[in-house]
Amino acid sequence: VQCTQCHNHPFNDTKQATFWEINSFFKQTMAEPCYRPNPKTGAPERNGTFLTSQPADGATYYETRTGLVMAAFPRFNGHEVEEAGESNRRDVLAKLLTSPDDPQFAAAFINRLWSHFFGVGFTSPVDDMGPHNPPSHPELLAELSQMFIESGYDVRRLVREICLSDVYQLESLPSESNSQDDPSLGIPPLFSRMYVKTLSAEQMYNSLLVATRPRLGGDDWQKAEHERQAWLSDYVVTMQNDENDEANTFDGSIGQALSLMNGPLVSAAVSVAPGTRLSEVLSSTPSETERIRQLCLATLGRYPSESELIGMCRVVKPGKDKTGASAAEGYQDLLWALLNANEFALNR
């Protein structure tokens with residue numbers, strides 16, 4: 001669509017006029033800055049942006065590559081909008097998008113949500129749908145789209161249906177029958193197993209906080225949020241384009257691996273400061289075995305196997321304190337290893 005802002009699309013039948021006819025639906029929309037007083041100085045400071053609708057009608061004008069100025073009126077998918085009085089063009093566009101006569105919006109939404117849960121959608125890339133790129137499972141996509149429309153676009157019901165499906169309950173470990181089902185090789189997905197997905201930067205950060213409860217910012221929410229944004233800024237970059245897309249560079253590079261292994265976030269995560277998960281486990285559980293089990297449950301979501309437990313006991317053994325219990329450093333080493341394990345960083 002962005003290509004057609006300046007010219008007709010080079011690879012399909014979409015014209016430049018189509019872009020500006022959709023753009024015309026937003027002729028009444030204005031972005032207004034929102035201000036609030038600074039709690040310390042009382043001076044106004046920007047707190048965001050909100051959309052307002054201004055009275056406006058008529059055409060939106062654009063220029064072709066030949067310098068010809070053209071007029072575009074609100075038109076979507078063959079529907080021309082008859083303006084009457086104070087009609088809100090964005091409301092009209094929303095109704096056209098969600099019309100039960102056209103399942104395109106529902107299918108696009110489902111495709112993205114399916115990709116969110118399974119790591120891959122019915123099309124690749126997920127935002128490219130059309131006759132030139134047919135879905136891998138058209139019958140399933142059509143059935144889900146119809147259900148989504150009939151439910152009144154109930155997103156919670158759609159999420160529930162996907163997460164309660166048999167395909168979502170499948171394990172990720174390949175078997176002899178589905179070892180070739182690997183979309184990363186360019187093969188259309190069969191969804192015969194759950195595909196392993198790397199956590200996003202936000203998911204990794206939140207997982208570290210939930211698993212270890214590090215003391216970040218103390219009770220100061222603004223300081224804690226500042227630390228969160230500072231950590232994410234190394235991996236999430238806002239693209240300077242018309243869509244303001246975000247590029248997630250959390251891809252397991254050497255620098256990122258070193259940051260996870262030795263950065264301040266992980267250092268805080270394995271701290272024994274009061275209130276952290278490790279401090280709670282050490283103070284409330286005298287049993288060495290139970291301490292290891294609780295740390296595994298917090299980080300991996302499961303208890304260790306018998307062989308894993310034997311190896312982990314060796315990790316926490318070095319250095320005995322006067323009471324005979326394992327020293328805190330051994331458990332810090334174990335927790336550090338669990339946080340840097342593939343099982344913690346992958347969604348399976």
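What share of the contacts in the protein chain with a separation of 6 or more comes from residues 24 or more positions apart? The share is 52%. Welcome to this structure, which is a predicted model.

**The chain as a whole**

The protein chain holds 14 helices and ten strands. Of its 348 residues, 32% are buried.

**A residue in helix α4**

Let us now look at S145, a residue of helix α4, which covers residues 138–150. Is S145 buried or exposed? With a relative accessibility of 3%, S145 counts as buried, because the cut-off for buried is under 20%. Apart from neighbours within four places in sequence, S145 touches P103, A106, A107 and I110.

**Helix α13 and its cover**

Helix α13 runs over residues 328–339 and has twelve residues. At 1.5 Å a residue the helix should span 16 Å, and its end C-alpha atoms lie 17 Å apart, so the two values agree.

Which residues of α13 are buried? They are G330, Y331, L334, L335, L338 and L339. In an α-helix there are 3.6 residues a turn, so residues three or four places apart point the same way.

Notes:
Residues are numbered from 1 along each chain as its sequence is written. This is a predicted model: local features need pLDDT of at least 70, side-chain atom pairs count only at pLDDT 80 or more; totals for chains, interfaces and linings use all residues. Side-chain values use heavy atoms; hydrogens and water are left out. Helices (H or I, at least four residues) and strands (E, at least two) are DSSP runs, numbered from the N terminus. Buried means under 20% relative accessible area, exposed over 50%, partly exposed in between (1.4 Å probe, protein chains only). Contact means heavy atoms within 4.5 Å. The expected span of a helix is 1.5 Å times one less than its number of residues.
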